[in-house]
Amino acid sequence: MALFTGTNLVELDSSESTNNYALNLLRKKQPFEGTIVRTFCQTLGRGQRQKQWESEDFSNLTFSLIYYPVFLSVSKQFQLSKAIALGVADFVKSTAKIEDVKIKWPNDIYVGNKKIAGILIENTVSGNKISSAVIGIGLNVNQTTFRQEIPNPVSLKMIAGKELDLENCFQKLCVSLEARYMQLKAGKENVINEHYHKALYGLNEEREFIIDNKNMIAEIIGVDDLGRLKLEANGIVTAYDIHHVVFKI
Amino acid sequence: MNLKEIQELIKFVSKAGVSEVEIQQKDFKIVIKTTNGEHGAVTAAPQVISVAQPVAQVAAAPVASQPEAATEKPADNGKTITIKSPMIGTFYRSSGPDKPSYVNVGDEIKQGSVICIIEAMKLFNEIEAEVSGRIVKVLIDDSSPVEYDQPLFLVEPY
């Protein structure tokens with residue numbers, strides 16, 4: 001059991017978006033740190049802005065976790081993204097008993113070339129501090145068929161070859177997330193940074209990218225403190241944000 | 001200065017035929033302007049006052065319904081506060097493409113109310129106001145990139 005992550009569990013029969021529900025909770029009161037809003041039937045799950053996160057009912061984990069990373073300045077917020085991605089990756093590694101679990105920049109979780117989990121973090125910022133973070137996680141557990149439009153999906157069941165107990169997965173994932181969050185809180189930035197880079201999908205590899213609408217071959221050098229992807233092309237290293245570079249997989 | 005005194009003052013100013021009167025006492029300041037220097041009728045008076053500090057709550061309501069051109073005036077004489085971006089990212093005025101803007105010109109904001117979103121590397125940051133007041137100007141277009149410390153809003157504080 002995790003110490004505080006998921007201890008206070010708000011279980012919803014169905015929800016349009018657990019992130020929205022959690023954000024509304026925060027507007028009314030200050031729930032305990034580690035509060036999780038969970039549903040097994042999410043109808044309008046959100047990914048990045050216009051994108052959706054689709055999940056088959058009662059097959060997967062879709063939930064939103066509330067943390068108060070007030071110790072993080074706004075300029076350090078990508079550390080939170082790294083820590084959470086590592087927490088999910090740690091869990092997938094140990095549960096599926098595989099090594100090839102990667103974080104595709106900035107924070108998608110991949111097994112091989114396939115996406116197994118997505119993360120959507122929504123912070124509330126007051127001045128220079130992050131007063132709260134709603135961390136939405138969608139993890140494919142027992143779903144084995146996906147709509148065609150979804151690129152490269154995979155689930156734990158597809159890897160492990162057997163059905164997994166959702167409740168057990170949830171508890172273990174909470175432990176993994178909390179461990180990484182505590183690492184962040186303890187100021188172990190270097191460890192998180194090192195582990196994030198170790199898990200970074202395509203690191204030191206030459207790949208095809210679409211950069212500012214042009215096809216380019218570039219090598220992934222790393223991710224800078226602001227969370228930008230550093231790419232080297234023709235001997236020049238440039239840091240890009242997610243609006244300027246697209247992975248070609 | 002109480003509301004009755006302010007009303008008396010407005011009456012006096014409009015009768016006197018001056019275009020602008022500014023009175024400052026300790027932590028209180030009131031500016032009364034008449035439109036185009038005309039003798040404003042008493043009923044029109046709330047249009048032309050702008051008030052800062054303690055009595056703001058009383059005087060604020062009628063002001064908020066004013067056209068933008070009039071409410072932007074205080075921006076020129078240094079009574080506004082600039083809300084700046086706490087980070088590099090992309091500025092969004094609403095929570096989604098089909099959602100209404102968090103704030104528009106003329107809206108009252110309170111300390112702690114969400115005024116915009118700034119996204120950076122897939123982290124979405126709801127930015128809370130640190131002051132209470134009224135939005136005088138929105139300085140950035142929706143979905144535009146912003147730099148650290150770049151001015152986002154002009155606010156007339158209460």
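Colleague: Which residue takes a positive phi in the hairpin of β7(B) and β8(B)?

Modeller: This is a predicted model, in which local features need pLDDT of at least 70, side-chain atom pairs count only at pLDDT 80 or more, and totals for chains, interfaces and linings use all residues. Residues are numbered from 1 along each chain as its sequence is written, chains are lettered from A in the order in which they are written, and side-chain values use heavy atoms, without hydrogens and water. Strands are DSSP runs of E of at least two residues, numbered from the N terminus. The hairpin has 2 residues between its strands, and the one with a positive phi, near 50°, is B:Met121.

Colleague: How many bridges join β7(B) to β8(B)?

Modeller: Two strands pair if DSSP finds at least two bridges between them. In β8(B), B:Asn125 is the bridge partner of B:Ile118. The two strands run antiparallel, and the number of bridges joining them is 6.

Colleague: How many residues of strand β7 of chain B are buried?

Modeller: Buried means under 20% relative accessible area, with a 1.4 Å probe and protein chains only. Strand β7 (residues 114–120) is largely enclosed by the rest of the structure, because its buried residues number 7 of the 7.

Colleague: Which residue of chain A forms a salt bridge with B:Lys122?

Modeller: A salt bridge is a side-chain nitrogen of Lys or Arg within 4 Å of a carboxyl oxygen of Asp or Glu. Across the interface of chain A and chain B, the rule finds 2. For B:Lys122, the closest N and O atoms are 3.2 Å apart, and the partner is A:Asp108.

Note on methods. Buried < 20%, exposed > 50% of the residue type's maximum accessible area, 1.4 Å probe, protein only. Helix = DSSP H or I, 4+ residues; strand = E, 2+ residues; numbered from the N terminus.
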